[in-house]
Every structure is written in structure tokens, then in C-alpha cells.
Amino acid sequence: MLTSHHAHTQGSPTALLGGADQPTPPGTHPAGHVLVVGTPGPRLERLTHTLRTTGHDVSHVPPGEAGPRVHQAPPDAVVALDEPGARHAGADVIREVRTVPAGRALPLLMVTGTPGPAGVADLLRQGADDCIPEASDPDELSARIEAKLRRVPVPVEHLLRDPRTGLYSRPHFLDEVERELKRPDAARHGGVLAVIGVAELAALEDRLGPRVRREVAERLAGVAERLGGVCDRLGRDEDGHLLMLLPGVDEETALRGLQDFATAAAGTRFVVADENVRLTPAVGWLPLTGCTDGADAADQARDAAHEALRHRDLRPVRYAPWMRDTPHRHRRPPLRALIRPALSALSPVLALLLGIGVPFVLYQQAYLAGWDLGSGMYWAVVAGLVLSALLIVLECLYALDAPSRPQRPGAAYPPASAVIAAYLPNEAATIVDTVESFLRQDYPAELEIVLAYNTPHPLPVEDTLREIAARDPRLVLLPVAGSTSKAQNVNAAVTRVRGEFVGIFDADHHPAPHAFRDAWHWLSNGYDVVQGHCVIRNGDSSRVARLVAVEFEAIYAVSHPGRTRLHGFGVFGGSNGFWRTDLLARTRMHGSMLTEDIDSTLRSLTAGARIAVDRTLLSRELAPTTLTALWNQRSRWAQGWLQVSLKHLWRGLRSPILTIRQKFGLLVLLGWREIQPWLTLQILPILLYATWKAGGPGHLDWAVPVCVLALLLTLAAGPVQALFAWRLAVPEIRARRGWFWSYLLVSTVFYSHFKNMVARQSHLKEALGDRQWRVTPRAQAAKAVTRR
């Protein structure tokens with residue numbers, strides 16, 4: 001039958017490489033994606049044309065590039081032109097495809113111009129599945145591809161492993177888990193089971209069909225195989241989860257391996273269903289110790305993966321029983337839930353007790369025991385206050401000579417993205433103004449504006465935003481279901497953006513028209529992150545806003561640039577910061593941290609990133625307008641800094657990447673910063689102790705020269721910082737000289753002590769486990785701002 005058919009079609013105008021267009025016969029179906037391998041020329045063009053006319057989705061690569069293409073995006077079949085006289089003969093192409101793990105079981109058909117028995121046999125022995133003469137009928141080629149794809153002896157899910165990828169099917173993977181669990185305790189040491197989901201899977205499936213479930217699991221498996229390590233058994237389930245068995249490892253090693261896998265996968269661009277996409281792996285895991293049933297263990301790891309999906313921060317989540325009982329909420333013991341708020345309310349009293357009462361008793365009792373501890377502590381406090389003042393002055397001096405922005409970009413302007421993170425009920429009064437401000441950006445390349453927001457219920461402003469998006473396609477609305485933090489909104493957006501770099505903004509920010517263009521000047525000249533200058537735009541609305549307006553100039557125009565030059569690294573401040581997208585995709589933001597921006601700074605810095613600060617890169621935002629709102633905001637900041645210090649200080653000091661200069665900067669930024677609020681408070685118990693020891697305040701000598709000089713130097717630091725803030729402030733703030741005089745007075749008499757009180761109370765809240773996020777209200781502030 002085959003011989004007569006070949007004879008009939010030999011030389012026919014419908015031959016494989018020379019036929020006219022043929023309609024797809026009724027009843028046939030596209031065989032999926034076919035990769036054609038051949039040297040560009042008429043023969044390749046005719047072959048690809050023939051395959052397309054018979055209903056196939058076709059792409060092609062030259063010999064030598066088939067292996068990388070199959071590894072990156074495995075097709076459903078490979079059809080290769082055998083060119084015996086060429087540099088890459090058919091045997092070389094077969095070897096190239098079969099060497100790649102994803103190509104070992106791919107249907108591979110050779111189209112040859114020399115269909116002699118010896119040549120055909122040689123190609124089949126080399127690993128081809130079939131050979132067909134180039135003069136064959138197109139329908140025959142299509143039928144042969146279909147036969148290789150559809151006529152599998154048994155369904156793939158019934159095989160021990162998928163022949164294309166080597167992945168276990170779920171039933172057989174669970175058999176492997178059961179086998180591991182049944183090993184004698186003496187032979188089984190540790191072990192971990194992990195399930196990996198993908199946050200973008202549902203959206204990909206809606207757009208590209210169910211095939212993406214298999215492809216996503218295969219792409220993630222490729223990352224795991226590339227990393228190697230402790231994982232030796234991989235599987236997938238019907239919902240697109242990747243299954244991992246890590247036998248014989250301790251939990252710390254397994255967690256480190258899973259974190260490396262998540263970071264590597266998030267930093268890789270994958271081709272899924274012919275689309276270039278980023279994926280967010282969500283890793284759930286549990287130790288095998290104590291497990292008795294493989295299926296139940298896999299379900300528990302899957303519950304943990306669902307919890308990890310909520311955060312999208314790449315951190316593996318260990319299974320806990322509450323994940324199954326009450327999704328998305330940890331049930332706290334009732335007694336603890338009652339005690340914690342009461343202790344938090346008493347934290348100012350506790351701070352005074354710990355900061356004044358306890359030290360005074362300690363100094364007193366030490367003196368009675370023969371140790372004058374209070375006197376030694378007195379000089380330590382004086383030295384600490386002098387050191388703090390000197391550091392402030394040094395920052396001011398270094399700020400005068402901060403590095404300037406490169407005048408020209410190091411590369412052409414690429415596509416860019418803005419991510420605006422918003423909790424919509426809080427931003428409803430300002431978000432439309434914000435979006436319109438971004439749409440006025442002057443950027444010479446493509447710029448998309450992604451509004452990543454969460455809201456507990458629909459709001460009328462969403463209709464307005466949808467109208468703007470319909471009018472201007474640069475605006476992309478991204479509701480993040482289930483989000484409870486800015487970090488989750490940013491994490492959801494980073495896999496959707498198209499830009500080579502991303503600007504991150506809060507929902508009240510109005511960046512300067514050239515902000516993205518100026519940011520690229522830094523990023524294209526060797527930097528990974530650049531932090532801009534946040535300027536308060538509602539300073540006229542209240543005394544508190546006026547105070548914050550000047551304070552922001554002291555922070556963004558003086559302290560940040562000065563510290564960057566002094567210590568050799570900058571800090572990402574959470575808004576008006578620009579990241580290379582690849583770095584942000586690998587770093588993400590951790591919603592459990594109250595200052596997720598500083599946490600991401602430290603994680604990227606210890607990974608080798610370069611962070612710049614540019615005080616001319618402006619964005620205008622709203623300040624709190626009441627003392628209560630300011631207290632809540634600064635409490636969160638102070639507690640967040642403490643979290644970062646506890647997490648990163650010791651790691652940073654041991655980092656092999658950071659220089660001695662940078663480590664000193666970390667010690668000041670994360671160590672001294674947390675000690676200072678308590679150190680300044682020590683002057684009170686020391687004075688009480690000195691008064692007690694001297695027999696009354698009348699017996700004290702208040703005019704010790706060294707102490708007087710130290711006091712004068714400490715008091716001078718505030719005016720020096722205010723002067724430099726005025727000198728380096730943006731013009732609209734600098735013109736308000738009265739604001740700076742007011743800031744100088746209020747800061748010296750009240751505000752510095754206010755911030756120290758906030759820091760001490762935040763330390764106690766962290767110790768008590770009170771990490772409640774209190775949103776800074778925008779609506780009230782917005783009413784006082786004239787629309788720009």
C-alpha cells in the first residue's frame with residue numbers, strides 16, 4: 001500500500017516539497033505545533049507552506065539551533081530536512097534534538113531526498129521515528145505526524161513517567177511518596193514533599209486553553225532539573241501543579257533549595273503556548289516526618305501552596321492545620337488575642353518603665369554593691385549623642401557632592417511600566433488625578449500604567465477608571481483578588497508588565513513629566529534601582545503636613561543622597577523608585593514586612609544590586625494632615641525598620657558581597673538606628689541616679705565643660721540639618737522659609753522626642769507580636785489639594 005502510494009505520487013504536482021495549496025481534508029485536525037528544522041531556502045519554504053496548508057501550527061529554525069529551541073519551548077513534533085551534503089546532516093539534527101531532555105520522546109520525522117533503504121535505516125537507528133521522501137503527498141506527512149502524536153499505546157497519565165518530560169503522573173508520584181514513607185525509620189532521614197502552583201495559571205488558561213497546565217509544569221520542571229540539588233523525583237497533577245519529592249534532607253536544606261528554585265523560576269522568561277511570559281511559583285511544603293499517607297501529605301502541601309499564592313512573594317510556605325480549617329486566616333488562641341491589645345495600649349507606660357525605671361533601679365543597686373555603673377553609662381550616653389550629631393553633619397556634608405544623574409542614557413529608551421499600588425477605598429478621592437498625572441508622562445518609548453488595586457467591594461470610581469482605560473490603552477487595570485497589602489499588588493503586577501524597567505508608586509503620587517526618562521539614564525548606566533525624591537504637595541493643608549513637607553526635604557534631599565555617598569549604597573523608599581524588571585521579578589516584596597520596601601532593598605543589595613538615589617527625580621505626594629495619622633504612619637515605619645534590622649543586620653555583616661564601607665553603613669542604618677531612641681532616654685535615669693547619689697539636685701555640678709560642649713554639638717545638629725534641607729530643597733518648598741523656621745523650632749522642642757517615642761513603642765509592639773497595618777488616610781488630605 002505504501003509503495004503504490006509513493007509510486008502514484010512520485011513527480012506529482014501535489015508532492016510534498018512542490019505541491020500547490022491543498023485544503024485541509026474534512027475530518028482532519030491540526031496536529032499541534034510542528035518545529036521544522038532546515039537550512040533557509042526554497043525547500044524549507046515549501047515544506048513549511050505544505051505543513052500549514054494541512055492544518056499545522058509551524059515554526060522553523062536552522063540546524064544547530066534546534067536543541068535550544070526544543071529546550072525552551074518543546075513543540076508537539078519535529079520535522080527535519082535531511083541534507084547529507086550540508087554541514088549539519090540529518091544525523092546531527094537527530095542527535096541535537098534527542099540530547100535535550102524535552103526532545104527525547106518528541107515525534108521526529110525526517111524528510112529526505114535520498115530515500116534509499118540504507119539511508120532510511122541509518123536515520124532510524126540514529127533516533128528518527130520515521131522517514132518520508134520529499135516527493136510524498138502532503139496528506140501522508142500529516143497522517144504520519146498524527147499517528148506519532150495520537151496513537152500512544154496507553155494514555156500518558158497511565159504511564160509511569162511522561163515520555164516527553166520524565167515527570168511522574170500524580171498516581172505514580174504518590175506511589176513514590178508511599179514508598180518513601182514505608183521505608184524503615186533507621187533508613188529514612190528527614191525528607192520533604194512540595195507542591196508548586198503558579199499564580200498566573202488561571203489567566204493563561206483562560207487565554208490560551210488547557211494545554212498550558214501541562215506546559216507550565218514542564219517549564220518549572222526544567223528549572224528544577226537545571227538547578228539540580230536535592231530533588232530527585234518530579235511529577236505533575238492534572239491541575240498544572242509541579243510535585244517535588246526531596247528525600248533524605250533536613251528541613252533547612254530543603255527550604256533553601258525550594259527558595260532557590262522559586263527565585264530562579266521567577267527570574268526566567270518562559271515560552272508557554274508560544275507566548276513569552278513570567279511566572280510566579282507558589283511553593284507549599286511539609287516535612288515527611290510524621291506523615292503516614294502520601295495522598296494526604298500531597299493535599300496538605302497543596303493547601304500550603306494555595307496560601308503561598310495569596311502572597312506571590314516567592315517564599316515557600318510550610319503547611320499548618322489552619323490552612324485547611326480556615327483558609328486565609330490564622331486562628332489565634334482567644335486568651336492571647338485579648339491580652340495583646342491590652343499590652344499594646346499600655347506600651348507607652350511600659351516604654352517609660354523599661355527605659356527609665358528599670359535602669360535607675362539597676363544603677364542604684366549596682367552602686368550599693370560597689371559598682372558606679374551609672375557614671376560609666378553617663379559617658380556612654382554623651383558619646384552616643386555626639387556620635388549621632390556627627391553622623392547627621394557628615395550626611396549633610398556628603399549630600400552637597402552627591403553623584404549627579406548621567407547626562408545621556410547608556411542604551412536606547414526601552415518599553416517601560418509604571419505600577420501604582422492602591423487600596424481603592426482609601427484612594428477613591430485621589431486615584432483619578434493620579435492616573436491622569438501618569439498619562440501625561442513624557443517618555444520617548446512605550447509606557448504602560450498598571451493600576452494594581454484591591455477593594456473589598458465595587459466602587460463607583462472603578463467605572464470612571466474603566467472609561468479612562470477604554471479611552472487610553474496605556475492604562476491597564478489589574479484588580480488583585482484577595483490582596484491585603486501593597487506587596488501583594490506589586491507582586492501581582494510584576495509578572496504582567498511589559499517594560500524593561502518598572503516605576504513603583506503609591507496611589508497619591510504625581511511624578512514629574514520626565515521621571516521615567518531620567519530614571520533610565522541611571523538604569524542604563526549600570527544601576528539596578530534608582531530612588532527618587534518624594535516631595536509633599538499638600539503642605540498648606542495643616543501644620544502637620546507642613547512639618548512633614550520640610551522633613552521630607554531633610555530625608556530625600558539631604559539624608560538619602562548623603563548616606564548613599566557616605567556608605568556606598570542607596571535605599572529604595574517604597575514609592576518613586578525604579579527597578580529593572582528582571583531584578584524586581586526575582587526579589588518581589590514580602591507582605592509580612594511592615595516596610596516591605598526596605599526589606600526588598602536589603603535583599604537586592606546583598607544579592608549584588610546597585611542602588612542609586614537621585615534628588616532631582618521628583619514625584620509629589622500627600623502628607624498626613626493630623627497628628628494621629630502621622631503617629632500611625634511613623635509607628636508602622638519604625639516597627640518595619642526594626643523587623644528589617646532583626647532580619648538583615650547580621651546577614652549583611654556576614655555577606656561576602658558587601659564591602660567594609662557598606663557593612664559600616666548597615667551597622668549605622670540598622671543597628672545604631674534601633675539603639676539610639678533608648679540611648680537618648682537614658683539621660684533621665686542617669687540624672688535621677690546622679691541626684692540620688694549627690695543627695696539632691698542642689699549638689700549637682702551642671703557646668704562640666706565636656707558635657708556643655710557635647711550638649712551644644714547635639715543641639716546644633718538639628719539647625720545644621722534644617723539649613724542643608726533648605727539649601728537643597730525643591731524650589732516650591734524652599735520658597736517657604738517660614739516652614740523651615742517652624743520645623744527647626746518644633747523639631748528641637750517636640751518632634752525629635754515624638755519620633756523617639758514612636759520608635760520605642762514600636763519596639764514593644766513588635767515584641768508583643770502586634771503587627772496591625774493602619775492605612776494612612778488620603779481622602780481628607782485630598783480635599784485640601786488643588787487639582788494640578
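Predicted model: local features only at pLDDT ≥ 70, side-chain atom pairs only at ≥ 80, totals over all residues.
Tyr413 counts as partly exposed, at 26% relative accessibility.

Tyr413 is in the one between α15 (373-399) and β14 (416-423), while Tyr443 is in the one between α17 (431-439) and β15 (447-454), so their pairing ties together parts that are 30 residues apart in sequence.

Phe501 and Trp520 make another pair, this time a stacked one, because their planes lie at 20 degrees, with the ring centres 5.4 Å apart. This pair, too, links distant parts of the chain: Phe501 belongs to strand β17 (residues 501-506) and Trp520 to helix α20 (residues 515-523), 19 residues apart. Both Phe501 and Trp520 are buried.

These two pairs belong to a bigger picture. Ring pairs join Tyr413, Phe438, Tyr443, Phe501, Phe505, Phe516, Trp520 and Phe578 into a cluster, and the structure as a whole holds 19 aromatic pairs.

Rings also turn up with charges over them. Arg610 has its charged end over the ring of Tyr527, 4.1 Å from the ring centre. In much the same way, the charged end of Arg734 sits over the ring of Trp726, here 4.4 Å from the centre.

Turning to the backbone, most residues other than glycine have a negative phi. Two residues go the other way. One is Asn576, with a positive phi near 55 degrees. Asn576 is in the loop between α21 (543-567) and β20 (577-580), and it counts as buried because its relative accessibility is 0%. The other is Arg312, whose phi is likewise positive and near 55 degrees. Arg312 is found in the loop between α11 (294-311) and β13 (317-318).

Terms used: Residues numbered from 1 in each chain as written. Heavy atoms only, no water. Helix = DSSP H or I, 4+ residues; strand = E, 2+ residues; numbered from the N terminus. Buried < 20%, exposed > 50% of the residue type's maximum accessible area, 1.4 Å probe, protein only. Phe/Tyr/Trp six-rings, centres within 6.5 Å; stacked < 30°, edge-to-face > 60°. Lys NZ or Arg CZ within 6 Å of the ring centre and 35° of its normal.
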